[in-house]
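Colleague: Hi, I'm new to this one. Please walk me through it.

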Amino acid sequence: MKWKELGRFRQVLLILLAVMGVGFLLAYILVTMKPGIEYRNGFLVQSAEGDNTLYTGKVQMKDTVFTVTAGGEVTLRVGENTFGPYTVEKDPTVSFRVPPQNSRGIVIYEGDTQIFRGAYGTFQGISFFEEEPDKAWSRYSPIYFRGDSSYGTPGWDPPFELIVPMALGTLTVTHRGNWEFYWLGLVFSAVAALLMIYAERLFRFNLRFQIKNADQAEPSDWELMGRYFGWAVMTLFAFGIYAAGLA
């Protein structure tokens with residue numbers, strides 16, 4: 001079918017599908033090029049400022065910045081509140097009657113104040129164990145400084161699992177954007193476009209099994225309305241697939 005014969009509504013939807021394919025391709029490239037970290041259902045983008053490494057973004061509508069100096073000093077700023085600076089020292093003298101699995105002794109300081117002494121390990125994920133010489137081990141839970149919400153601003157105290165790898169230079173960064181959703185959206189868009197372009201042929205092909213002279217049949221207004229609705233839904237669904245991969 002020629003382009004002019006498709007009709008304005010179908011033309012607009014086909015253009016939208018093409019624009020989404022290109023637009024979301026650029027969006028995925030830009031998003032996946034920005035490494036960062038997940039923090040409290042938000043994403044902080046990694047950047048450099050002199051010798052410092054910054055993780056910047058918005059979390060719960062508040063400007064949030066982790067600053068890590070070349071010397072391993074970590075500071076968190078959330079809105080007008082600042083937490084830290086925090087430093088971490090390795091300490092092989094931390095004692096346990098039965099050492100936690102895959103652990104290393106560490107001491108965490110806020111300024112000059114020691115706020116944690118124990119082990120940092122990978123038992124059941126990243127775990128922290130307070131030093132308990134008389135016990136096998138005692139897991140530190142919840143994994144926030146001083147273990148409760150009475151310290152600092154409730155709910156904003158930086159978690160150990162971020163502070164320690166930041167300070168030790170072992171933090172693994174990630175990125176947003178799941179390319180599987182992009183390719184799924186692209187395939188779905190291609191199928192939707194084909195169904196729009198060849199709608200008349202498919203209509204008459206299906207009628208060949210039901211009536212004679214199917215090539216001369218014309219779609220009813222109800223059939224056309226159903227097509228338009230289906231095409232619009234498919235276009236919106238394609239947009240949703242693309243967008244889901246950037247969430």
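Modeller: Happy to, starting with a term: helices (H or I, at least four residues) and strands (E, at least two) are DSSP runs, numbered from the N terminus. This is a predicted model, in which local features need pLDDT of at least 70, side-chain atom pairs count only at pLDDT 80 or more, and totals for chains, interfaces and linings use all residues. Residues are numbered from 1 along each chain as its sequence is written, and side-chain values use heavy atoms, with hydrogens and water left out.

Colleague: Where does T82 lie, then?

Modeller: T82 is part of strand 6.

Colleague: Is T82 buried or exposed?

Modeller: T82 counts as exposed because its relative accessible area is 53%. The cut-offs, with a 1.4 Å probe and protein chains only, are under 20% for buried and over 50% for exposed, with partly exposed in between.

Colleague: Which residues is T82 in contact with, leaving aside neighbours within four places in sequence?

Modeller: T75, L76 and R77 are in contact with T82 once those neighbours are left aside; contact means heavy atoms within 4.5 Å. T64 is 18 residues away from T82 in sequence, and their C-alpha atoms are 9.7 Å apart.

Colleague: Let's zoom out. How many helices and strands does the protein chain have?

Modeller: There are five helices and ten strands in the protein chain. Of its 247 residues, 35% are buried. If you take contacts between residues at least 6 apart in sequence, 49% of them join residues at least 24 apart.

Colleague: Which residues touch the most other members of the largest nonpolar core?

Modeller: F66 and I108 do, in a core of 24 residues. A nonpolar core here is a set of buried Ala, Val, Leu, Ile, Met, Phe, Trp, Tyr and Cys residues joined through side-chain atoms within 4.5 Å. Several elements each supply at least two residues of this core, among them strand 4 (62–68), strand 7 (103–110) and helix 2 (160–168). Helix 2 gives the most, with six residues. There is also a second, separate core of 15 residues, which includes Y28, A192, A193 and W231.

Colleague: Back to helix 2: how many of its residues are buried?

Modeller: Seven of the nine, so helix 2 is mostly covered. The buried ones are F160, L162, I163, V164, P165, M166 and A167. After helix 2 comes G169, with a positive phi near 75°.

Colleague: You mentioned Y28. Which residues does its cluster of ring pairs link?

Modeller: Y28 is linked with F24, W179, Y182, W183, F239 and Y242 through ring pairs. Rings of Phe, Tyr and Trp (its six-membered ring) pair if their centres lie within 6.5 Å; planes under 30 degrees apart count as stacked, over 60 as edge-to-face and the rest as tilted. Searching the whole structure gives twelve aromatic pairs.

Colleague: New topic: how many salt bridges does the search of the whole structure find?

Modeller: One. In that salt bridge D63 joins K58, with their closest N and O atoms 2.7 Å apart. The term covers a side-chain nitrogen of Lys or Arg within 4 Å of a carboxyl oxygen of Asp or Glu.

Colleague: And how exposed is D63, as a relative accessible area?

Modeller: D63 is partly exposed, at 40%, whereas K58 is exposed, at 52%.
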